[in-house]
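Please find below a colleague's note on the structure shown here.

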Amino acid sequence: MEKEDRAITESDLDILRRYTGAGGLGYGEDRTGTERGLLNEHYTSYPLVQLIWDKLQAMGVDGGSILEPGSGIGNFAGFLPNTDSYRMLMVERSAVSARIAKLVYPNQLVKHQNFAETDLSLYNLTGAIGNVPFGDIKIHTQRAPLAHLHPRIHDYFILKSLDALQPGGFMAVITSVGTMDKKDPAIRQAMVHRARFVGAYRLPSTAFKDNADTLVTTDLLLFQKYPDFDGEQHPDVTSELNRLFAHQELAVSITEYNGQSYGAYYNPYYQKYPQQVLGEHIQGHDMQFLTRMGVKGQLDSQLTDRVLKDDIQFP
């Protein structure tokens, strides 16, 4: 289409929207670092994107300048509740995905850039939404607020996005369960130092199965940036939810298999609020990964209704 320099058709759009990311191309360990960096490029299913926007609307979000870090082809832009009230800044490293996003959403701002090198201070961002790339890759940055943390890629995307938000801005982001369940709380504490933890949902491990043919357990995290304040930290840093999310010891689940005991640690938020797990909270998937928690079930209409009708709100 770019070579032909022609108008895009509905048939073209249908084909472009089917692209689910290079994570589905089967790159192996012998590939280059760039290609390995795309292994986590699985894009979010339409029902899940719709649910997140519907939940944000139920929480009072009705427009703004919205960042999508690691936007892929722009599925979140495709489900904007009102295109007149929202302006999307979509930052995407993959050249293929960024080019598709520019074709499909010509009225939104798409940046083909490494997110670590993107200057977000140029934009008046009132919200952040998306499915951040996740993996064990650590981001080594000289940027003072994050340099000492050496965060993994998913945590880096969250922290940098939180730093860029205007006071009162919201975040709704899908991330690896590692963000909530890692034993070292330093990353979570850095997050609640920047924004109020509002709540979370642990998604079924099958949430990405149909769209990207991958079985992975993820969390949907909700934050609200603190208003301007004096001093080193906002008074709400020590709120009950922030303490649960970032300061209390992890909960542990123990199971026996083939005569051995296996323990899986998980965030105490889900121990106190088990209804935020959208399915059955289990150790492993089909007896694999018994040292990690998974969620058995499907994201069906019953669970969707439960999310939309619960009492999680921005303060």
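1. Basis. This is a predicted model, in which local features need pLDDT of at least 70 and side-chain atom pairs count only at pLDDT 80 or more, while totals for chains, interfaces and linings use all residues. Residues are numbered from 1 along each chain as its sequence is written, and side-chain values use heavy atoms, with hydrogens and water left out.

2. Helix pair. Helix 3 (residues 46–58) packs against helix 13 (residues 301–309) at an angle of about 25 degrees, and their axes are 9 Å apart. The two helices are therefore roughly parallel (angles under 35 degrees). Helices here are DSSP runs of H or I with at least four residues, and strands are runs of E with at least two.

3. Helix contact. Helix 3 contributes Leu-51, Asp-54, Lys-55 and Ala-58, and helix 13 contributes Thr-304, Val-307 and Leu-308; contact means heavy atoms within 4.5 Å.

4. Strand pair. Strand 6 (residues 195–202) is mostly covered, with eight of its eight residues buried (under 20% relative accessible area, 1.4 Å probe, protein chains only). Strand 6 runs antiparallel to strand 7 (residues 218–225), and seven bridges join them. Tyr-201 stands opposite Leu-220 of strand 7.

5. Met-293. This residue lies in strand 11 (residues 288–296). Met-293 counts as buried because its relative accessibility is 6%. Tyr-266 is 27 residues from Met-293 in sequence, yet their C-alpha atoms are 7.0 Å apart. Beyond neighbours within four places in sequence, the contacts of Met-293 include Tyr-266, Arg-202 and His-281.

Definitions and conventions. Axes fitted to C-alpha atoms, helices over the stretch in contact; angles between N-to-C directions. Parallel < 35°, antiparallel > 145°, perpendicular 65-115°, else oblique. Buried < 20%, exposed > 50% of the residue type's maximum accessible area, 1.4 Å probe, protein only. Pairing = 2+ DSSP bridges.
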